[in-house]
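Please keep the sequence and the model in view while reading.

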Amino acid sequence: MVQTHDTLEDKTMKLTKLMAWLTAAAVVVLGAAGCNDNKKTEREKAEAEFFKGDGVDRVSPTLNTMISNGARNDAMLYPHHFEGGHLNSLGRSKVLLMLEDCDNCSPITVHLVNCGEGEVLAQRKAAVELYLKTTEGPNKLTFHPSNNDIIRLAKTENPPTGGAGDGADTAGASSGAGAGMPPPAGGTK
């Protein structure tokens, strides 16, 4: 067996080659990370187009369409959609979802799955048919943010009492019966 002893120059040369390889590997890794950043900015650009900050909600209409299509394609009501022979709020909301955005849809068939037998099933069928005939859909006027209504809530709880010059009735104001307050406990004299 022959043993070789590395000289200082050989050790230095090996270390220099190792450093060169590590530097090259670092450049490759950083270059790949730079390409990944370009993809990230492209993704951010696509998200910025969909999630614009202009106050227009683009996500909810898409989700609502998907929910409505899912309810229409499922078209099944289960026992948990009923209370006795009547549709509960969950059942009514699912039926409304089936009807939403359905201007060009073919007639909807609603399937009652394991919803009882005999009289109970007949009552539940009648409840669904009646609801489908009488409903006009959800009240679209109630679909708005509540912050404006909450701000005005304090004004509706205690309406301000007017002065003598504005024609407001102030007869009960001296006895404490005005401004939405109950009369005193002792009664009036």
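The text below takes up confidence and layout, then the nonpolar core, the salt bridge, some individual residues and a surface patch.

**Confidence and overall layout**

The model is a predicted one, and its mean pLDDT is 74, with 68% of the residues reaching 70 or more. Over residues 165–180 the pLDDT falls below 50, and this stretch has 13 contacts in the model beyond near neighbours in sequence. Where pLDDT is low, the predicted coordinates should not be read in detail.

The chain contains five helices and four strands, which follow one another from the N terminus in the order α-α-β-β-β-α-β-α-α. Of the 189 residues in the chain, 13% are buried, while the accessible surface amounts to about 15,200 Å², with 59% of that area belonging to carbon and sulfur atoms. When contacts between residues at least 6 apart in sequence are considered, 53% of them join residues at least 24 apart.

**The largest nonpolar core**

In soluble globular proteins, nonpolar side chains tend to be buried together. In this chain the largest nonpolar core has ten residues, namely Ala 71, Leu 77, Phe 82, Leu 87, Val 95, Leu 96, Met 98, Cys 115, Val 128 and Tyr 131. Two or more residues come from each of the helices α3 (89–99) and α4 (118–134), and α3 gives the most, with three residues.

Cys 115, one of the members of this core, touches Leu 77, Tyr 78, Pro 79, Phe 82, Val 120, Leu 121 and Arg 124 when residues up to four places away in sequence are not counted. Leu 77 and Phe 82, which are among these partners, also belong to the core.

**The salt bridge and its surroundings**

How many salt bridges does the structure hold? There is one, in which the side chains of Asp 74 and Lys 94 meet with an N to O distance of 2.4 Å. Because Asp 74 lies in helix α2 (residues 59–74) and Lys 94 in helix α3, the pair ties together parts that are 20 residues apart in sequence. Asp 74 counts as partly exposed, since its relative accessibility is 28%, whereas Lys 94 is buried, with a relative accessible area of 13%.

Lys 94 is also among the residues touched by His 81, whose other contacts, leaving out residues up to four places away in sequence, are Met 76, His 86, Leu 87, Asn 88, Leu 90 and Gly 91. His 81 itself sits in the loop between β1 (76–77) and β2 (82–83) and is buried, with a relative accessible area of 4%.

**Leu 99 in helix α3**

Leu 99 is found in helix α3, and it counts as partly exposed because its relative accessibility is 34%, a value between the cut-offs of 20% and 50%. Apart from neighbours within four places in sequence, Leu 99 is in contact with Ile 108, Leu 132 and Thr 135. The C-alpha atoms of Leu 99 and Asn 69 are separated by 9.5 Å, although these two residues are 30 residues apart along the chain.

Most residues other than glycine have a negative phi. Ala 75 has a positive phi of about 50° although it is not a glycine, and for Asn 114, likewise a residue other than glycine, phi is positive and near 50°.

**A nonpolar patch on the surface**

Some nonpolar side chains are found on the surface, where Leu 15, Leu 18, Met 19 and Leu 22 form a patch with about 410 Å² of accessible area together. Leu 22, one of these four residues, lies in helix α1 (residues 8–50) and counts as exposed, given its relative accessibility of 51%.

Technical notes. Residues are numbered from 1 along each chain as its sequence is written. This is a predicted model: local features need pLDDT of at least 70, side-chain atom pairs count only at pLDDT 80 or more; totals for chains, interfaces and linings use all residues. Side-chain values use heavy atoms; hydrogens and water are left out. Patches are made of residues with over 30% relative accessible area and no salt bridge: like charges are joined within 9 Å, nonpolar side chains (Val, Leu, Ile, Met, Phe, Trp, Tyr) within 5 Å. Accessible areas come from the Shrake-Rupley method with a 1.4 Å probe; for residues, only the protein chains shown count as cover. Buried means under 20% relative accessible area, exposed over 50%, partly exposed in between (1.4 Å probe, protein chains only). Contact means heavy atoms within 4.5 Å. pLDDT is the predictor's confidence in each residue, from 0 to 100. A nonpolar core is a set of buried Ala, Val, Leu, Ile, Met, Phe, Trp, Tyr and Cys residues joined through side-chain atoms within 4.5 Å.
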